[in-house]
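Please keep the sequence and the structure in view while reading.

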Amino acid sequence: KFEPPERPADGDALPAVAAFHRYTEIENIRNFPDVLRPGEEVVITEKVHGKNCRLGLVRVPGEGGETFEFMAGSNDVRRKDVDAKGRPSDFWRPMTEAVRALLRHLGGAERNIVLFGELYGSGVQDMAYGLGNGAKGFRAFDVAVDGKYLGFDEKAGLFARFGVESVPHLD
């Protein structure tokens, strides 16, 4: 009987939760020639070369009613914080107290919050950004409240207020 080899993964996968959604699929702007209008503000951010990372505080149903849980994962997979072999998941590394405070503030125990960013550094992709010896960093680029994305000024203010690093942007 054929048994496929075990796929290497960073932490064990957990079941999907609809409110802990993936980042939007961004299509080529050439497919939408009229989407940008003259005089409209456009913010250009740097694409950090790493792994897409989602962090959230999301409502989940339970036997005693709904509760909110912190979640972390890649673009496609929700991850456990520690895998079956006891290794911590890189996707949970950015879940610092500053990130938790930001998620709690935005959620107010009433809304689903998903923070999107890029995990980068030593051993991630082929660019370490000056980080060595397994060091990793995280830069946020977007945040959704109940599936609606915040505007640039609002999220930049929140990232600064809570000490969450964001991707560089052009002034």
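Which residue lies over the face of Phe 70, and at what distance from the ring centre? The residue is Arg 100, which lies at 4.6 Å from the centre of that ring; a charge is taken to sit over a ring if NZ of Lys or CZ of Arg is within 6 Å of the ring centre and within 35 degrees of the ring normal.

## Basis of the model

The model is a predicted one, in which local features need pLDDT of at least 70 and side-chain atom pairs count only at pLDDT 80 or more, while totals for chains, interfaces and linings use all residues. Residues are numbered from 1 along each chain as its sequence is written, and side-chain values use heavy atoms, with hydrogens and water left out.

## Overall architecture

The chain contains two helices and seven strands, and along the sequence these follow the pattern β-β-β-β-α-β-β-β-α. Helices (H or I, at least four residues) and strands (E, at least two) are DSSP runs, numbered from the N terminus. The C-alpha trace spans about 60 × 45 × 35 Å along its principal axes.

Of the 171 residues in the chain, 35% are buried, where buried means under 20% relative accessible area, exposed over 50% and partly exposed in between, with a 1.4 Å probe and protein chains only. Among the contacts in the chain with a separation of 6 or more, 64% are accounted for by residues 24 or more positions apart, a contact being heavy atoms within 4.5 Å.

## Aromatic pairs

Five aromatic pairs are found in a search of the whole structure. Rings of Phe, Tyr and Trp (its six-membered ring) pair if their centres lie within 6.5 Å, and planes under 30 degrees apart count as stacked, over 60 as edge-to-face and the rest as tilted. One of the pairs joins Tyr 23 and Phe 141 in an edge-to-face arrangement, with 5.0 Å centre to centre and 85° between the planes. Because Tyr 23 lies in the loop between β1 (13-14) and β2 (51-60) and Phe 141 in strand β6 (residues 136-145), this pair ties together parts that are 118 residues apart in sequence. Tyr 23 is buried, its relative accessible area being 17%.

Tyr 120 and Tyr 129 also form an edge-to-face pair, at 5.3 Å centre to centre and with 75° between the planes. Tyr 120 is buried at 10% relative accessibility, whereas Tyr 129 is partly exposed, with a relative accessible area of 34%.

Val 43 is placed in the loop between β1 and β2 and is partly exposed, with a relative accessible area of 30%. When residues up to four places away in sequence are not counted, Val 43 touches Phe 152 and His 169. Val 43 and Leu 170 are 127 residues apart in sequence, and their C-alpha atoms are 7.2 Å apart in space.

Pro 168 lies in the segment after α2 (152-162) and is partly exposed, at 32% relative accessibility. Apart from its neighbours within four places in sequence, Pro 168 is in contact with Thr 45, Glu 46, Val 48 and Arg 139. Pro 168 and Gly 39 are 129 residues apart in sequence, and the spacing between their C-alpha atoms is 23 Å.
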